[in-house]
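Subject: Structure for you to look at

Hello,

Here is the structure I promised to pass on. Please open it beside this email and follow along.

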Amino acid sequence: REVFATLSRYQSARSSALTLAHHVVGTSSESLDLLRRSFAAGKIGLPDLLVSRRELIDGQREFIEAVAEAWVARVTLDLAVGRLPGLGSRTEPDNPSSTESFVPEPTS
């Protein structure tokens, strides 16, 4: 029961992290650049710029929390099945510019 509950928690956390990587974090730098250009062109005011930047930061924070939850669930799952955590897993991303590479992959 513990293994299945932990597996479900891991899959849910990993899915959340990947979704946030695609929909939130992946567009953050583009959105921030667009906001800066809009502000420089006078299309938005400082309050709008600050609110939008806060929303981007909140999305990035949610992504970091989801990745942390996925890693905790991954380690808990490894322990639940009698495997030492971290063996054979990636600790650093292959592509540092890819946010997906921070999300833990399933172990075999």
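The protein exposes about 7,200 Å² of surface. Carbon and sulfur atoms supply 56% of that area. Keep in mind that this is a predicted model. The protein has 108 residues, and 25% of them count as buried.

The overall layout

The secondary structure comes to three helices and zero strands. Along the sequence the pattern reads α-α-α.

Helix α1

α1 has 22 residues. From its first C-alpha to its last it reaches 31 Å, close to the 32 Å expected at 1.5 Å a residue. Its buried residues are T6, Y10, A13, A17, L18, L20 and A21. Seen down the axis of α1, these buried residues fall within an arc of 160°, so they line one face of the helix. What do they pack against? The buried residues of α1 pack against α3. On the other side of α1, F4 and H23 are exposed.

Helix α3

α3 covers residues 46-80, which makes 35 residues. It reaches 51 Å from first C-alpha to last, close to the 51 Å expected at 1.5 Å a residue. Its buried residues are L49, L56, G59, F63, A66, V67, A70, A73, R74, L77 and D78. What covers them includes α1 (2-23) and α2 (28-40). After α3 comes G82. The phi of G82 is positive, near 85°.

Find R74 in helix α3. Then find R14, 60 residues away along the chain. The C-alpha atoms of R74 and R14 are separated by 9.0 Å.

Salt bridges

Side chains of opposite charge can pair when their charged atoms come close. This structure holds six salt bridges.

Start with D33 and R37. The closest N and O atoms of this salt bridge are 3.0 Å apart. Both residues lie in helix α2, four residues apart, which is about one turn of the helix. R37 has a relative accessible area of 51%, so it counts as exposed.

Next, go to D58 and R54. Their side chains meet in a salt bridge at 3.7 Å, N to O. Both lie in helix α3, four residues apart, about one turn of the helix. D58 is partly exposed, with a relative accessible area of 24%. R54 is partly exposed as well, at 48% relative accessibility.

Last, look at D78 and R74. Their side chains meet in a salt bridge at 3.6 Å, N to O. The two are four residues apart in helix α3, so about one helical turn separates them. D78 has 2%, so it is buried. R74 is at 5% relative accessibility, so R74 counts as buried too. Salt bridges that share partners join R74, D78 and R83 into one network.

A nonpolar patch

Which residues form a nonpolar patch on the surface? They are F39, L46 and L50. Together they have about 270 Å² of accessible area. L50 sits in helix α3. With a relative accessible area of 46%, L50 is partly exposed.

What to look at on screen

- Pick out R74, D78 and R83, the network joined by salt bridges.
- Show F39, L46 and L50 as the nonpolar patch on the surface.

Best wishes

Terms used. Residues are numbered from 1 along each chain as its sequence is written. This is a predicted model: local features need pLDDT of at least 70, side-chain atom pairs count only at pLDDT 80 or more; totals for chains, interfaces and linings use all residues. Side-chain values use heavy atoms; hydrogens and water are left out. The expected span of a helix is 1.5 Å times one less than its number of residues. Buried means under 20% relative accessible area, exposed over 50%, partly exposed in between (1.4 Å probe, protein chains only). Contact means heavy atoms within 4.5 Å. Accessible areas come from the Shrake-Rupley method with a 1.4 Å probe; for residues, only the protein chains shown count as cover. The arc is that of the directions from the helix axis to the C-beta atoms. Patches are made of residues with over 30% relative accessible area and no salt bridge: like charges are joined within 9 Å, nonpolar side chains (Val, Leu, Ile, Met, Phe, Trp, Tyr) within 5 Å. A salt bridge is a side-chain nitrogen of Lys or Arg within 4 Å of a carboxyl oxygen of Asp or Glu.
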